[in-house]
Amino acid sequence: MGTVAKSSITLVSISDAYSLSLTPNSCVIKADFDGSNPKLEHAYTIISAYCGDEKTPIEIDSSTIIKSNDNIECQLIKVDSYRYRLSIISLPVDILQGYIEIPVLSGVSAGLTGRFTFSIVRESTMLDWIQDWENNKTTIGSSYVITPKIFVGKKIIGSHDSLEDVPGLTGVYIGPSENNGAGIYGYKDNKEIFHIDQTGGKIGGWDITSGGIQCEDGTLSIKSEGTISAQSEGIIHWSLNKDGSASFANGNVTMDVEGNASFKGTIETSGGSIAGWIIGADSIYNGTIGINSLKNS
C-alpha cells in the first residue's frame, strides 16, 4: 500500500505602506444667514498615522499647515505621540467651504499630507426681504412695510428726547430699545403697561416667559403645561399640578392623582361624616351609638 504525503502553506499579507488618517476627514458647520456665528463645537479632526494596521509616532508643526483661506484660524494640539487634534476656531463670514492641509514633518511617516475639508450651511428662520433690509430706513414693498421704528397712539406735540419724557403718552411703540435690542411697548398715560423684547415680556405686572407667566417677584406662577404654584425663598407653599395632584400648607397637605390625601398636623371640624359616622360639634354618632367628648361617653 502506498503512502500519500500531504503538506500546507499559509499566506500572510504583509504591508509596510504608511498612511495618514483624519477622523473625521470633513465636517459641516452651521452659521447664521449672513455667515456669522458659525457653530464650531464639532469642527475638528484627530490626525494619526499608520504602518499597515499599526499606529506610528508622528510630529506636525502648525506653521506648515496650508489653509484654503488665510483668514481661517485653526488650533493644533498634540494629544500624544500618535495623535494630534486640529480644530477650526474662527472663519470669515464670506466663506462657504474650504480645507486645511496637514503635512507630517518627521517620523517614519514623514512626507504624508492629509486634508480636512469643511462646508458652511447658512440657516435662518427670517424672511429674505427682512434679511436684505438695511436696518436704518423705511422700506415699502409690494406686500410689506419694514421700518426701524414706529409709534401708534395719541398725537404728540413738542420735541422730546425719549418716549418716557412725552407727557400723557398713550399708544404702542415698536422698535429699538436699550442694550441693542428691540421690542413692542405699550403705554397708558405715560406708564408702561406691557412690553415684549429681548429680555422677555411683561403685562399687567406679570412676567411672560416661554413656559407661562409669573408675578413680578416670582412667588406665583401659571405654567402653560397646566401647573399653578406659589413659592418663595425656595419653598413651594402650594401647587396644583397638571396631573391632578396637589400640595398645600408648605407640603404638609398633599393629594395624589387618585384622590388619596395625606395630612401632617391636626384636623378640626364641627360637621360632616367619616366612615358612616356623623360628625357633630362635640360628638360622633351612628344611629343610637354615639361618642360625646363632653360627657366622655
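**View 1. R83 and D80 pair up in a salt bridge.** The closest N and O atoms of R83 and D80 sit 2.8 Å apart; a salt bridge here is a side-chain nitrogen of Lys or Arg within 4 Å of a carboxyl oxygen of Asp or Glu. Both partners are partly exposed: R83 has a relative accessible area of 30%, and D80 comes in at 27%. For the burial words used in these legends, buried means under 20% relative accessible area, exposed means over 50%, and partly exposed is in between, with a 1.4 Å probe and protein chains only. By the salt-bridge rule, the count comes to 4. Keep in mind that this is a predicted model, in which local features need pLDDT of at least 70, side-chain atom pairs count only at pLDDT 80 or more, and totals for chains, interfaces and linings use all residues. Residues are numbered from 1 along each chain as its sequence is written, and side-chain values use heavy atoms, with hydrogens and water left out.

**View 2. R115 and E101 make a salt bridge between two strands.** Here the closest N and O atoms are 2.5 Å apart. The pair ties together distant parts of the chain, with R115 in strand 9 and E101 in strand 8, 14 residues apart. Strands (E, at least two residues) and helices (H or I, at least four) are DSSP runs, numbered from the N terminus. R115 is partly exposed, at 40%, whereas E101 counts as buried, at 18%.

**View 3. D207 forms a salt bridge with K202.** The closest N and O atoms of this pair are 2.4 Å apart. D207 counts as buried because its relative accessibility is 17%.

**View 4. I29 belongs to the largest nonpolar core.** A nonpolar core is a set of buried Ala, Val, Leu, Ile, Met, Phe, Trp, Tyr and Cys residues joined through side-chain atoms within 4.5 Å. Two or more residues each come from strand 1, strand 2, strand 3, strand 7 (83-90), strand 8 (97-103) and strand 9 (113-122). Which residues does I29 touch, not counting those up to four places away in sequence? Its partners are P38, K39, L40, A43, I88, L91, F118, S119, I120 and V121, where contact means heavy atoms within 4.5 Å.

**View 5. S245 sits in a loop, with polar partners at its side chain.** The loop runs between strand 21 (235-240) and strand 22 (246-248). The side chain of S245 has a polar contact of 2.9 Å with that of N241, and another of 2.7 Å with that of D243. A polar contact is a pair of N or O atoms within 3.5 Å; within protein, one must be able to donate a hydrogen and the other to accept it, and residues adjacent in sequence count only if both atoms are side-chain atoms. Is S245 buried or exposed? S245 is buried, with a relative accessible area of 13%. Setting aside neighbours within four places in sequence, S245 is in contact with S239, L240, M255, D256 and V257.

View 6. Most residues other than glycine have a negative phi, and most peptide bonds are trans.

**View 7. A nonpolar patch covers about 700 Å² of surface.** Its members are I150, V152, I174, I184, I196, I203, I208, I213 and I222. Patches are made of residues with over 30% relative accessible area and no salt bridge; like charges are joined within 9 Å, and nonpolar side chains (Val, Leu, Ile, Met, Phe, Trp, Tyr) within 5 Å. One member, I174, lies in strand 13 (residues 171-176) and is partly exposed, at 39%. Accessible areas come from the Shrake-Rupley method with a 1.4 Å probe; for residues, only the protein chains shown count as cover.
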